[in-house]
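Please keep the sequence and the picture open while working through the points.

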Amino acid sequence: MNQVESRAWDALRNVYDPELAIDIVALGLVYAVRDEGDEVVLEITLTTPGCPVAETIPEDARAAVAEAVGPDKQVRVEIVWDPPWTPDLMEPEAAEALGFG
Amino acid sequence: MAIGASASRPSIEVTGPATERPASGPGPYRGMTATVPPASIPLAFLLMAGFGLIAFGVATAAVAKRIVSGPTALPVVGAVHFGMLAFLSTAVVGALHQFVPVITASELRSVRVARVTLVMWIAGVWLLPAGLMPNITPMIVLGGAIVVVAACLSAWNFSGPLLKASESDSVTGLRSAVAYLVVTVSFGIVYAIDLHHGWFGLLPHRVLAHASLGLLGWIGLSYVAVAEKLWPMFLLSHKEKRGVGRLAVRIVPAGVLLLALGLLFAIRWLGLLGGAVTLGGLAFHVGSFVGWVQHRKRKLELLHAFVISSMAFMVLAATAGLVAELGEMGIAWRIRVASTSVAAAAMWVALAVIGHSHKIVPFITWTTLRKRGISKKPDGKPVLFGDLFSSALARASFGISLAAGVSLIVGILGGMPVLIATGGVLLAACGVLTTSNLALWPRVVVRSIRDAEVKSDESS
(Lines give C-alpha, C1' and ligand atoms only; values in the text may rest on other atoms or scores of the structure.)
Protein backbone atom coordinates (compact mmCIF):
# COMPACT_ATOMS: atom_id res chain seq x y z
CA MET A 1 0.00 0.00 0.00
CA ASN A 2 1.51 3.32 -1.00
CA GLN A 3 1.00 6.65 0.71
CA VAL A 4 -1.90 7.71 -1.49
CA GLU A 5 -3.78 4.50 -0.79
CA SER A 6 -3.02 4.82 2.88
CA ARG A 7 -4.43 8.36 2.96
CA ALA A 8 -7.48 7.16 1.05
CA TRP A 9 -8.15 4.34 3.51
CA ASP A 10 -7.84 6.77 6.42
CA ALA A 11 -10.25 9.17 4.73
CA LEU A 12 -12.77 6.40 4.17
CA ARG A 13 -12.78 5.82 7.93
CA ASN A 14 -14.66 9.12 8.16
CA VAL A 15 -17.46 8.04 5.84
CA TYR A 16 -20.35 6.63 7.84
CA ASP A 17 -23.37 4.50 7.13
CA PRO A 18 -25.95 6.94 8.49
CA GLU A 19 -28.27 4.22 9.75
CA LEU A 20 -25.72 2.00 11.46
CA ALA A 21 -23.45 4.84 12.64
CA ILE A 22 -20.37 2.82 11.64
CA ASP A 23 -17.72 3.79 9.10
CA ILE A 24 -17.73 2.02 5.75
CA VAL A 25 -14.27 0.49 6.17
CA ALA A 26 -15.25 -1.16 9.43
CA LEU A 27 -18.44 -2.36 7.77
CA GLY A 28 -16.40 -4.03 5.07
CA LEU A 29 -17.99 -2.02 2.29
CA VAL A 30 -14.67 -0.95 0.77
CA TYR A 31 -13.34 -3.80 -1.33
CA ALA A 32 -10.26 -2.09 -2.76
CA VAL A 33 -8.38 1.16 -3.08
CA ARG A 34 -5.97 1.42 -6.02
CA ASP A 35 -3.62 4.22 -6.92
CA GLU A 36 -3.52 4.09 -10.71
CA GLY A 37 -1.36 7.09 -11.38
CA ASP A 38 -3.70 9.89 -12.44
CA GLU A 39 -6.61 8.51 -10.56
CA VAL A 40 -7.52 6.66 -7.41
CA VAL A 41 -10.06 3.90 -7.90
CA LEU A 42 -12.35 2.89 -5.06
CA GLU A 43 -14.25 -0.37 -5.22
CA ILE A 44 -17.17 -0.06 -2.90
CA THR A 45 -20.19 -2.21 -2.29
CA LEU A 46 -23.40 -1.65 -0.34
CA THR A 47 -25.13 -3.85 2.16
CA THR A 48 -27.90 -4.55 -0.36
CA PRO A 49 -28.58 -3.43 -3.95
CA GLY A 50 -31.70 -1.64 -2.73
CA CYS A 51 -29.80 0.17 0.01
CA PRO A 52 -31.55 3.51 0.54
CA VAL A 53 -28.24 5.33 0.96
CA ALA A 54 -26.85 3.98 -2.32
CA GLU A 55 -26.87 7.55 -3.56
CA THR A 56 -24.88 9.10 -0.77
CA ILE A 57 -22.21 6.68 0.44
CA PRO A 58 -20.31 6.50 -2.89
CA GLU A 59 -20.41 10.27 -3.26
CA ASP A 60 -19.26 10.78 0.33
CA ALA A 61 -16.45 8.31 -0.24
CA ARG A 62 -15.36 10.07 -3.42
CA ALA A 63 -15.42 13.47 -1.74
CA ALA A 64 -13.52 12.26 1.33
CA VAL A 65 -10.79 10.59 -0.72
CA ALA A 66 -10.55 13.52 -3.15
CA GLU A 67 -9.90 15.82 -0.22
CA ALA A 68 -7.33 13.44 1.25
CA VAL A 69 -5.27 12.81 -1.89
CA GLY A 70 -5.34 16.36 -3.22
CA PRO A 71 -6.33 17.97 -6.49
CA ASP A 72 -3.73 16.23 -8.68
CA LYS A 73 -5.64 12.97 -8.75
CA GLN A 74 -9.10 12.09 -9.98
CA VAL A 75 -11.13 9.78 -7.79
CA ARG A 76 -13.31 7.14 -9.41
CA VAL A 77 -15.80 5.05 -7.48
CA GLU A 78 -16.89 1.68 -8.77
CA ILE A 79 -19.91 0.07 -7.15
CA VAL A 80 -19.38 -3.66 -7.16
CA TRP A 81 -21.95 -6.31 -6.29
CA ASP A 82 -19.76 -9.35 -6.69
CA PRO A 83 -19.01 -10.73 -4.25
CA PRO A 84 -22.13 -9.52 -2.48
CA TRP A 85 -21.56 -7.95 0.90
CA THR A 86 -22.19 -10.20 3.86
CA PRO A 87 -22.03 -9.29 7.53
CA ASP A 88 -18.98 -11.56 7.80
CA LEU A 89 -16.98 -8.83 6.06
CA MET A 90 -17.37 -6.52 9.03
CA GLU A 91 -14.40 -5.82 11.29
CA PRO A 92 -14.79 -7.42 14.72
CA GLU A 93 -15.21 -3.99 16.33
CA ALA A 94 -18.08 -3.17 13.99
CA ALA A 95 -19.75 -6.50 14.65
CA GLU A 96 -19.34 -5.86 18.35
CA ALA A 97 -20.89 -2.41 18.02
CA LEU A 98 -23.88 -4.04 16.38
CA GLY A 99 -24.16 -6.53 19.20
CA PHE A 100 -22.49 -9.45 17.42
CA GLY A 101 -18.95 -9.30 18.70
CA MET B 1 -9.04 -9.30 -9.21
CA ALA B 2 -8.18 -9.67 -5.59
CA ILE B 3 -9.94 -7.35 -3.24
CA GLY B 4 -7.51 -5.67 -0.96
CA ALA B 5 -4.54 -6.77 -3.07
CA SER B 6 -3.30 -3.22 -3.10
CA ALA B 7 -4.22 -2.45 0.45
CA SER B 8 -4.84 -3.85 3.88
CA ARG B 9 -8.21 -5.59 3.47
CA PRO B 10 -8.33 -9.38 3.56
CA SER B 11 -8.09 -10.86 0.08
CA ILE B 12 -11.34 -12.10 -1.47
CA GLU B 13 -11.53 -13.40 -5.01
CA VAL B 14 -14.01 -11.55 -7.24
CA THR B 15 -15.27 -13.73 -10.05
CA GLY B 16 -17.80 -11.46 -11.77
CA PRO B 17 -17.50 -8.12 -13.47
CA ALA B 18 -17.66 -4.97 -11.42
CA THR B 19 -20.58 -2.67 -12.00
CA GLU B 20 -19.25 0.68 -13.09
CA ARG B 21 -20.39 3.83 -11.40
CA PRO B 22 -22.57 5.49 -14.05
CA ALA B 23 -20.89 8.85 -13.86
CA SER B 24 -17.41 9.12 -12.40
CA GLY B 25 -15.93 12.28 -11.02
CA PRO B 26 -17.80 15.00 -9.18
CA GLY B 27 -21.57 15.05 -9.10
CA PRO B 28 -24.15 12.93 -7.35
CA TYR B 29 -24.14 9.19 -7.84
CA ARG B 30 -27.53 8.17 -9.22
CA GLY B 31 -28.54 5.51 -6.76
CA MET B 32 -31.81 3.90 -5.79
CA THR B 33 -33.17 7.03 -4.17
CA ALA B 34 -32.56 9.11 -7.28
CA THR B 35 -36.00 8.04 -8.49
CA VAL B 36 -38.01 9.27 -5.52
CA PRO B 37 -40.36 12.27 -5.74
CA PRO B 38 -39.59 15.42 -3.71
CA ALA B 39 -39.38 14.57 -0.02
CA SER B 40 -42.14 17.05 0.74
CA ILE B 41 -44.68 14.60 -0.69
CA PRO B 42 -44.07 11.54 1.51
CA LEU B 43 -43.25 13.75 4.50
CA ALA B 44 -46.53 15.68 4.15
CA PHE B 45 -48.47 12.40 4.01
CA LEU B 46 -46.64 11.08 7.08
CA LEU B 47 -47.13 14.32 9.02
CA MET B 48 -50.84 14.24 8.26
CA ALA B 49 -50.93 10.59 9.32
CA GLY B 50 -49.61 11.74 12.70
CA PHE B 51 -52.51 14.18 12.98
CA GLY B 52 -54.78 11.35 11.85
CA LEU B 53 -53.58 9.23 14.76
CA ILE B 54 -54.39 12.05 17.16
CA ALA B 55 -57.87 12.45 15.63
CA PHE B 56 -58.40 8.69 15.79
CA GLY B 57 -57.56 8.64 19.49
CA VAL B 58 -59.77 11.63 20.31
CA ALA B 59 -62.69 10.26 18.26
CA THR B 60 -62.36 6.83 19.88
CA ALA B 61 -62.47 8.38 23.34
CA ALA B 62 -65.50 10.44 22.33
CA VAL B 63 -67.52 7.41 21.15
CA ALA B 64 -66.29 4.93 23.77
CA LYS B 65 -69.80 4.25 25.10
CA ARG B 66 -71.20 3.72 21.60
CA ILE B 67 -68.43 1.22 20.81
CA VAL B 68 -69.84 -0.95 23.60
CA SER B 69 -73.54 -0.40 22.88
CA GLY B 70 -73.47 -0.46 19.07
CA PRO B 71 -70.15 -0.83 17.28
CA THR B 72 -71.69 -0.33 13.83
CA ALA B 73 -73.32 3.00 14.78
CA LEU B 74 -72.26 5.83 12.46
CA PRO B 75 -70.26 7.80 15.09
CA VAL B 76 -68.23 4.65 15.74
CA VAL B 77 -67.79 4.07 12.01
CA GLY B 78 -66.59 7.68 11.79
CA ALA B 79 -64.01 7.16 14.54
CA VAL B 80 -62.84 3.95 12.88
CA HIS B 81 -62.41 5.79 9.58
CA PHE B 82 -60.23 8.40 11.25
CA GLY B 83 -58.03 5.44 12.14
CA MET B 84 -58.24 3.54 8.86
CA LEU B 85 -58.05 6.49 6.48
CA ALA B 86 -56.66 9.60 8.18
CA PHE B 87 -54.02 7.63 10.10
CA LEU B 88 -53.14 4.21 8.67
CA SER B 89 -53.94 4.60 4.97
CA THR B 90 -52.41 8.07 4.87
CA ALA B 91 -49.19 6.73 6.38
CA VAL B 92 -49.08 3.79 3.97
CA VAL B 93 -49.90 5.84 0.85
CA GLY B 94 -47.25 8.39 1.89
CA ALA B 95 -44.61 5.75 2.59
CA LEU B 96 -45.34 4.07 -0.75
CA HIS B 97 -44.63 7.34 -2.58
CA GLN B 98 -41.07 6.91 -1.26
CA PHE B 99 -40.81 3.13 -1.14
CA VAL B 100 -42.18 2.14 -4.56
CA PRO B 101 -39.68 4.26 -6.55
CA VAL B 102 -36.82 3.01 -4.35
CA ILE B 103 -37.51 -0.72 -4.66
CA THR B 104 -38.38 -0.57 -8.34
CA ALA B 105 -35.62 1.94 -9.21
CA SER B 106 -38.26 3.68 -11.34
CA GLU B 107 -39.94 7.02 -11.00
CA LEU B 108 -43.64 7.46 -10.37
CA ARG B 109 -45.66 8.18 -13.49
CA SER B 110 -46.11 11.83 -12.46
CA VAL B 111 -44.90 13.94 -9.56
CA ARG B 112 -47.61 16.49 -10.39
CA VAL B 113 -50.28 13.81 -9.97
CA ALA B 114 -48.63 12.82 -6.67
CA ARG B 115 -49.08 16.40 -5.45
CA VAL B 116 -52.73 16.44 -6.57
CA THR B 117 -53.21 13.08 -4.86
CA LEU B 118 -51.80 14.47 -1.63
CA VAL B 119 -54.20 17.41 -1.55
CA MET B 120 -57.25 15.36 -2.56
CA TRP B 121 -56.38 12.48 -0.27
CA ILE B 122 -55.99 14.65 2.80
CA ALA B 123 -59.21 16.51 2.04
CA GLY B 124 -61.16 13.30 1.50
CA VAL B 125 -59.88 11.26 4.44
CA TRP B 126 -60.75 14.04 6.89
CA LEU B 127 -64.06 14.99 5.31
CA LEU B 128 -65.43 11.45 5.28
CA PRO B 129 -65.07 10.56 8.99
CA ALA B 130 -65.91 14.13 9.98
CA GLY B 131 -69.19 13.62 8.12
CA LEU B 132 -69.81 10.14 9.47
CA MET B 133 -69.61 11.09 13.14
CA PRO B 134 -72.53 13.58 13.05
CA ASN B 135 -74.12 11.75 10.02
CA ILE B 136 -74.03 14.52 7.44
CA THR B 137 -74.70 12.54 4.25
CA PRO B 138 -73.44 15.08 1.65
CA MET B 139 -70.16 15.35 3.55
CA ILE B 140 -69.84 11.56 3.70
CA VAL B 141 -70.51 11.11 0.00
CA LEU B 142 -68.29 14.02 -1.02
CA GLY B 143 -65.44 12.83 1.21
CA GLY B 144 -65.84 9.28 -0.04
CA ALA B 145 -65.86 10.38 -3.68
CA ILE B 146 -62.70 12.44 -3.19
CA VAL B 147 -60.97 9.49 -1.51
CA VAL B 148 -61.92 7.21 -4.42
CA VAL B 149 -60.47 9.64 -6.97
CA ALA B 150 -57.31 10.16 -4.88
CA ALA B 151 -56.87 6.40 -4.39
CA CYS B 152 -57.27 5.79 -8.12
CA LEU B 153 -54.72 8.52 -8.87
CA SER B 154 -52.20 7.02 -6.46
CA ALA B 155 -52.84 3.52 -7.86
CA TRP B 156 -52.23 4.84 -11.38
CA ASN B 157 -49.04 6.52 -10.20
CA PHE B 158 -47.75 3.43 -8.38
CA SER B 159 -48.72 1.13 -11.24
CA GLY B 160 -46.05 2.66 -13.49
CA PRO B 161 -43.04 1.50 -11.51
CA LEU B 162 -44.76 -1.59 -10.07
CA LEU B 163 -45.68 -2.99 -13.49
CA LYS B 164 -42.26 -2.18 -14.96
CA ALA B 165 -40.29 -3.71 -12.11
CA SER B 166 -38.96 -7.23 -12.18
CA GLU B 167 -40.63 -9.69 -9.86
CA SER B 168 -39.73 -9.53 -6.17
CA ASP B 169 -41.63 -10.34 -3.00
CA SER B 170 -42.26 -6.68 -2.20
CA VAL B 171 -43.31 -5.81 -5.74
CA THR B 172 -45.67 -8.79 -5.98
CA GLY B 173 -47.29 -7.99 -2.65
CA LEU B 174 -47.65 -4.29 -3.40
CA ARG B 175 -49.32 -4.91 -6.76
CA SER B 176 -52.09 -6.80 -4.95
CA ALA B 177 -52.20 -4.32 -2.06
CA VAL B 178 -52.68 -1.32 -4.36
CA ALA B 179 -55.46 -3.19 -6.17
CA TYR B 180 -57.09 -3.82 -2.80
CA LEU B 181 -56.86 -0.10 -1.99
CA VAL B 182 -58.98 0.69 -5.04
CA VAL B 183 -61.43 -2.13 -4.27
CA THR B 184 -61.74 -1.04 -0.63
CA VAL B 185 -62.47 2.61 -1.34
CA SER B 186 -64.85 1.63 -4.16
CA PHE B 187 -66.77 -0.56 -1.72
CA GLY B 188 -66.65 2.30 0.75
CA ILE B 189 -68.26 4.83 -1.55
CA VAL B 190 -71.03 2.33 -2.43
CA TYR B 191 -71.69 1.95 1.30
CA ALA B 192 -71.65 5.73 1.75
CA ILE B 193 -74.21 6.28 -1.01
CA ASP B 194 -76.26 3.37 0.36
CA LEU B 195 -76.57 5.26 3.64
CA HIS B 196 -78.78 7.70 1.77
CA HIS B 197 -80.54 5.42 -0.72
CA GLY B 198 -80.81 2.21 1.32
CA TRP B 199 -80.27 -0.22 -1.57
CA PHE B 200 -79.15 -2.90 0.87
CA GLY B 201 -78.87 -3.31 4.61
CA LEU B 202 -75.50 -2.51 6.15
CA LEU B 203 -75.49 -5.81 7.99
CA PRO B 204 -72.52 -6.65 10.23
CA HIS B 205 -71.13 -9.31 7.85
CA ARG B 206 -71.06 -6.78 4.99
CA VAL B 207 -69.32 -4.23 7.17
CA LEU B 208 -66.78 -6.91 8.11
CA ALA B 209 -66.19 -7.64 4.40
CA HIS B 210 -65.25 -3.99 3.92
CA ALA B 211 -63.05 -4.09 7.03
CA SER B 212 -61.28 -7.24 5.79
CA LEU B 213 -60.53 -5.69 2.41
CA GLY B 214 -59.15 -2.52 3.96
CA LEU B 215 -57.35 -3.86 7.01
CA LEU B 216 -55.96 -7.08 5.58
CA GLY B 217 -55.97 -6.69 1.80
CA TRP B 218 -54.79 -3.09 1.61
CA ILE B 219 -53.00 -1.97 4.78
CA GLY B 220 -51.96 -5.39 6.12
CA LEU B 221 -50.70 -6.72 2.82
CA SER B 222 -48.80 -3.49 2.14
CA TYR B 223 -47.01 -3.99 5.43
CA VAL B 224 -46.32 -7.68 4.73
CA ALA B 225 -44.87 -6.77 1.33
CA VAL B 226 -42.78 -3.82 2.51
CA ALA B 227 -41.45 -5.78 5.47
CA GLU B 228 -39.84 -8.31 3.14
CA LYS B 229 -37.54 -5.54 1.95
CA LEU B 230 -37.08 -3.56 5.14
CA TRP B 231 -36.52 -6.31 7.71
CA PRO B 232 -33.39 -7.84 6.18
CA MET B 233 -32.00 -4.35 5.62
CA PHE B 234 -32.60 -3.19 9.18
CA LEU B 235 -31.35 -6.47 10.65
CA LEU B 236 -28.35 -6.86 8.28
CA SER B 237 -29.81 -10.28 7.71
CA HIS B 238 -28.83 -12.44 4.78
CA LYS B 239 -30.33 -15.82 4.04
CA GLU B 240 -30.22 -17.97 0.95
CA LYS B 241 -33.86 -19.02 0.77
CA ARG B 242 -36.63 -16.43 0.90
CA GLY B 243 -39.45 -18.92 0.32
CA VAL B 244 -41.50 -18.15 3.42
CA GLY B 245 -41.87 -14.43 2.71
CA ARG B 246 -42.62 -15.24 -0.92
CA LEU B 247 -45.52 -17.43 0.19
CA ALA B 248 -46.86 -14.73 2.53
CA VAL B 249 -47.20 -12.05 -0.17
CA ARG B 250 -49.00 -14.50 -2.45
CA ILE B 251 -51.27 -16.31 -0.01
CA VAL B 252 -52.57 -13.33 1.96
CA PRO B 253 -54.24 -11.60 -1.04
CA ALA B 254 -55.83 -14.86 -2.16
CA GLY B 255 -57.14 -15.51 1.33
CA VAL B 256 -58.52 -11.99 1.73
CA LEU B 257 -60.42 -12.32 -1.55
CA LEU B 258 -62.14 -15.51 -0.39
CA LEU B 259 -62.76 -14.09 3.09
CA ALA B 260 -64.29 -10.87 1.78
CA LEU B 261 -66.51 -12.71 -0.70
CA GLY B 262 -67.62 -15.15 1.99
CA LEU B 263 -68.48 -12.30 4.35
CA LEU B 264 -70.11 -10.14 1.70
CA PHE B 265 -72.47 -12.84 0.46
CA ALA B 266 -72.79 -14.59 3.83
CA ILE B 267 -71.34 -17.86 2.50
CA ARG B 268 -70.00 -19.30 5.72
CA TRP B 269 -67.75 -22.03 4.30
CA LEU B 270 -66.15 -19.56 1.89
CA GLY B 271 -65.51 -17.06 4.65
CA LEU B 272 -63.97 -19.76 6.82
CA LEU B 273 -61.81 -20.99 3.95
CA GLY B 274 -60.69 -17.42 3.21
CA GLY B 275 -59.96 -16.82 6.88
CA ALA B 276 -57.90 -20.00 7.08
CA VAL B 277 -55.93 -19.15 3.93
CA THR B 278 -55.30 -15.59 5.17
CA LEU B 279 -54.12 -16.92 8.51
CA GLY B 280 -51.79 -19.30 6.69
CA GLY B 281 -50.32 -16.38 4.76
CA LEU B 282 -49.87 -14.35 7.92
CA ALA B 283 -48.22 -17.33 9.61
CA PHE B 284 -45.67 -17.35 6.77
CA HIS B 285 -45.20 -13.61 7.36
CA VAL B 286 -44.36 -14.33 11.00
CA GLY B 287 -42.14 -17.22 9.92
CA SER B 288 -40.30 -14.90 7.58
CA PHE B 289 -39.63 -12.48 10.43
CA VAL B 290 -38.31 -15.30 12.60
CA GLY B 291 -36.01 -16.33 9.74
CA TRP B 292 -34.63 -12.83 9.28
CA VAL B 293 -34.09 -12.52 13.03
CA GLN B 294 -32.25 -15.85 13.15
CA HIS B 295 -29.87 -14.72 10.40
CA ARG B 296 -29.41 -11.18 11.71
CA LYS B 297 -26.02 -9.59 12.29
CA ARG B 298 -27.34 -6.79 14.39
CA LYS B 299 -28.95 -6.79 17.81
CA LEU B 300 -32.67 -6.21 18.04
CA GLU B 301 -33.71 -2.62 18.64
CA LEU B 302 -36.80 -0.57 19.40
CA LEU B 303 -38.28 -1.23 15.95
CA HIS B 304 -38.41 -4.90 16.74
CA ALA B 305 -40.22 -4.27 20.01
CA PHE B 306 -42.87 -2.55 17.87
CA VAL B 307 -42.86 -5.42 15.35
CA ILE B 308 -43.09 -8.21 17.90
CA SER B 309 -45.84 -6.42 19.87
CA SER B 310 -47.76 -5.76 16.67
CA MET B 311 -47.55 -9.46 15.84
CA ALA B 312 -49.02 -10.29 19.24
CA PHE B 313 -52.03 -8.15 18.30
CA MET B 314 -52.24 -9.97 14.97
CA VAL B 315 -52.37 -13.32 16.75
CA LEU B 316 -55.03 -11.90 19.08
CA ALA B 317 -57.03 -10.66 16.08
CA ALA B 318 -56.89 -14.10 14.48
CA THR B 319 -57.87 -15.85 17.69
CA ALA B 320 -60.76 -13.50 18.36
CA GLY B 321 -61.91 -13.84 14.74
CA LEU B 322 -61.96 -17.62 15.03
CA VAL B 323 -63.77 -17.53 18.38
CA ALA B 324 -66.37 -15.09 17.01
CA GLU B 325 -67.02 -17.36 14.05
CA LEU B 326 -66.82 -20.79 15.63
CA GLY B 327 -67.57 -20.25 19.33
CA GLU B 328 -70.94 -20.91 20.96
CA MET B 329 -72.21 -17.59 22.31
CA GLY B 330 -75.03 -15.10 22.15
CA ILE B 331 -75.21 -12.36 19.54
CA ALA B 332 -74.07 -9.63 21.95
CA TRP B 333 -70.89 -11.52 22.82
CA ARG B 334 -70.30 -12.46 19.21
CA ILE B 335 -70.39 -8.78 18.21
CA ARG B 336 -68.07 -7.91 21.07
CA VAL B 337 -65.54 -10.60 20.15
CA ALA B 338 -65.73 -9.68 16.45
CA SER B 339 -65.13 -6.03 17.38
CA THR B 340 -62.14 -7.12 19.44
CA SER B 341 -60.78 -8.95 16.41
CA VAL B 342 -61.09 -5.84 14.21
CA ALA B 343 -59.54 -3.60 16.89
CA ALA B 344 -56.65 -6.02 17.41
CA ALA B 345 -56.04 -6.18 13.64
CA ALA B 346 -55.99 -2.38 13.58
CA MET B 347 -53.46 -2.35 16.43
CA TRP B 348 -51.32 -4.87 14.52
CA VAL B 349 -50.80 -2.44 11.65
CA ALA B 350 -50.89 0.65 13.89
CA LEU B 351 -47.91 -0.47 15.96
CA ALA B 352 -46.08 -1.55 12.82
CA VAL B 353 -46.69 1.84 11.18
CA ILE B 354 -45.64 3.83 14.26
CA GLY B 355 -42.52 1.68 14.68
CA HIS B 356 -41.41 1.83 11.06
CA SER B 357 -42.08 5.57 10.88
CA HIS B 358 -39.15 5.98 13.28
CA LYS B 359 -36.96 4.52 10.52
CA ILE B 360 -38.59 5.97 7.41
CA VAL B 361 -39.09 9.58 8.48
CA PRO B 362 -35.50 10.14 9.72
CA PHE B 363 -34.18 8.68 6.46
CA ILE B 364 -36.27 11.02 4.30
CA THR B 365 -35.46 13.97 6.56
CA TRP B 366 -31.74 13.13 6.44
CA THR B 367 -31.82 13.06 2.64
CA THR B 368 -33.58 16.42 2.61
CA LEU B 369 -31.07 17.99 5.00
CA ARG B 370 -28.14 16.79 2.89
CA LYS B 371 -29.69 18.41 -0.16
CA ARG B 372 -29.76 21.64 1.86
CA GLY B 373 -26.07 21.19 2.64
CA ILE B 374 -26.59 20.09 6.24
CA SER B 375 -24.51 16.99 6.77
CA LYS B 376 -22.25 17.68 9.75
CA LYS B 377 -22.95 18.39 13.39
CA PRO B 378 -21.23 21.21 15.30
CA ASP B 379 -18.58 18.72 16.48
CA GLY B 380 -17.71 17.94 12.86
CA LYS B 381 -19.19 14.45 12.97
CA PRO B 382 -21.68 13.46 10.28
CA VAL B 383 -25.40 13.79 10.93
CA LEU B 384 -26.80 10.28 11.24
CA PHE B 385 -30.38 8.99 11.22
CA GLY B 386 -30.23 8.51 14.98
CA ASP B 387 -29.58 12.24 15.44
CA LEU B 388 -32.92 13.14 13.88
CA PHE B 389 -35.20 11.91 16.64
CA SER B 390 -35.07 11.39 20.37
CA SER B 391 -34.64 7.74 21.32
CA ALA B 392 -36.19 8.38 24.73
CA LEU B 393 -39.33 9.85 23.15
CA ALA B 394 -39.44 6.97 20.68
CA ARG B 395 -39.38 4.50 23.56
CA ALA B 396 -42.16 6.48 25.23
CA SER B 397 -44.19 6.27 22.00
CA PHE B 398 -43.78 2.51 22.06
CA GLY B 399 -44.89 2.20 25.67
CA ILE B 400 -47.89 4.48 25.19
CA SER B 401 -49.05 2.84 21.96
CA LEU B 402 -48.76 -0.61 23.51
CA ALA B 403 -50.71 0.51 26.57
CA ALA B 404 -53.32 2.09 24.27
CA GLY B 405 -53.77 -1.17 22.38
CA VAL B 406 -54.12 -3.24 25.53
CA SER B 407 -56.56 -0.76 27.04
CA LEU B 408 -58.70 -0.72 23.88
CA ILE B 409 -58.80 -4.48 23.54
CA VAL B 410 -59.62 -5.13 27.19
CA GLY B 411 -62.17 -2.32 27.11
CA ILE B 412 -63.95 -3.66 24.02
CA LEU B 413 -63.90 -7.28 25.12
CA GLY B 414 -64.97 -6.42 28.65
CA GLY B 415 -67.54 -3.85 27.57
CA MET B 416 -65.83 -1.11 29.61
CA PRO B 417 -66.13 2.35 28.02
CA VAL B 418 -63.67 3.84 30.51
CA LEU B 419 -60.90 1.60 29.27
CA ILE B 420 -61.81 2.27 25.64
CA ALA B 421 -61.71 6.01 26.29
CA THR B 422 -58.37 5.60 28.07
CA GLY B 423 -57.06 3.72 25.05
CA GLY B 424 -58.25 6.53 22.81
CA VAL B 425 -56.56 9.20 24.91
CA LEU B 426 -53.34 7.18 24.93
CA LEU B 427 -53.48 6.82 21.14
CA ALA B 428 -53.88 10.58 20.81
CA ALA B 429 -50.98 11.11 23.21
CA CYS B 430 -48.87 8.73 21.16
CA GLY B 431 -49.79 10.69 18.03
CA VAL B 432 -48.71 13.97 19.64
CA LEU B 433 -45.47 12.49 20.94
CA THR B 434 -44.47 10.65 17.75
CA THR B 435 -45.35 13.53 15.45
CA SER B 436 -43.48 16.04 17.62
CA ASN B 437 -40.47 13.79 17.88
CA LEU B 438 -40.15 13.08 14.16
CA ALA B 439 -41.18 16.52 12.88
CA LEU B 440 -39.70 18.90 15.44
CA TRP B 441 -36.54 17.16 16.67
CA PRO B 442 -34.73 17.63 13.33
CA ARG B 443 -35.48 21.36 13.59
CA VAL B 444 -33.68 21.46 16.94
CA VAL B 445 -30.69 19.69 15.37
CA VAL B 446 -30.64 22.07 12.41
CA ARG B 447 -30.87 25.08 14.71
CA SER B 448 -27.89 23.88 16.76
CA ILE B 449 -25.87 23.41 13.57
CA ARG B 450 -26.83 26.87 12.28
CA ASP B 451 -26.01 28.47 15.65
CA ALA B 452 -22.60 26.79 15.65
CA GLU B 453 -21.96 28.04 12.12
CA VAL B 454 -22.85 31.59 13.11
CA LYS B 455 -20.54 31.43 16.15
CA SER B 456 -17.77 30.00 14.00
CA ASP B 457 -18.19 32.78 11.43
CA GLU B 458 -18.15 35.41 14.17
CA SER B 459 -15.01 34.03 15.78
CA SER B 460 -13.17 33.80 12.48
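1. Two residues are said to be in contact when they have heavy atoms within 4.5 Å of each other. With that in mind, and remembering that this is a predicted model, consider the contacts in chain A between residues at least 6 apart in sequence: 60% of them join residues at least 24 apart.

2. Chain A holds three helices and five strands, and, when read from the N terminus on, these elements follow the order α-β-β-β-β-α-β-α. The radius of gyration of chain A is 13 Å, close to the 13 Å that the globule rule gives for 101 residues, so chain A is as compact as a globular protein of that length.

3. For the dimensions of chain A, the C-alpha trace spans about 40 × 25 × 20 Å along its principal axes. Of the 101 residues in this chain, 62% count as buried, while the accessible surface comes to about 3,800 Å², with 47% of that area belonging to carbon and sulfur atoms.

4. Turning to chain B, which residues form a nonpolar patch on the surface? They are B:Val244, B:Leu247 and B:Phe284, which together have about 210 Å² of accessible area.

5. One member of that patch, B:Val244, lies in helix H8 of chain B, a helix that covers residues 243–264. B:Val244 counts as partly exposed because its relative accessibility is 32%, and the partly exposed class lies between the buried limit of under 20% and the exposed limit of over 50%.

Definitions and conventions: Residues are numbered from 1 along each chain as its sequence is written. Chains are lettered from A and ligands numbered from 1 in the order in which they are written. This is a predicted model: local features need pLDDT of at least 70, side-chain atom pairs count only at pLDDT 80 or more; totals for chains, interfaces and linings use all residues. Side-chain values use heavy atoms; hydrogens and water are left out. Patches are made of residues with over 30% relative accessible area and no salt bridge: like charges are joined within 9 Å, nonpolar side chains (Val, Leu, Ile, Met, Phe, Trp, Tyr) within 5 Å. Accessible areas come from the Shrake-Rupley method with a 1.4 Å probe; for residues, only the protein chains shown count as cover. A salt bridge is a side-chain nitrogen of Lys or Arg within 4 Å of a carboxyl oxygen of Asp or Glu. Helices (H or I, at least four residues) and strands (E, at least two) are DSSP runs, numbered from the N terminus. Buried means under 20% relative accessible area, exposed over 50%, partly exposed in between (1.4 Å probe, protein chains only). The radius of gyration is taken over C-alpha atoms; the globule rule is 2.2 Å times the number of residues to the power 0.38.
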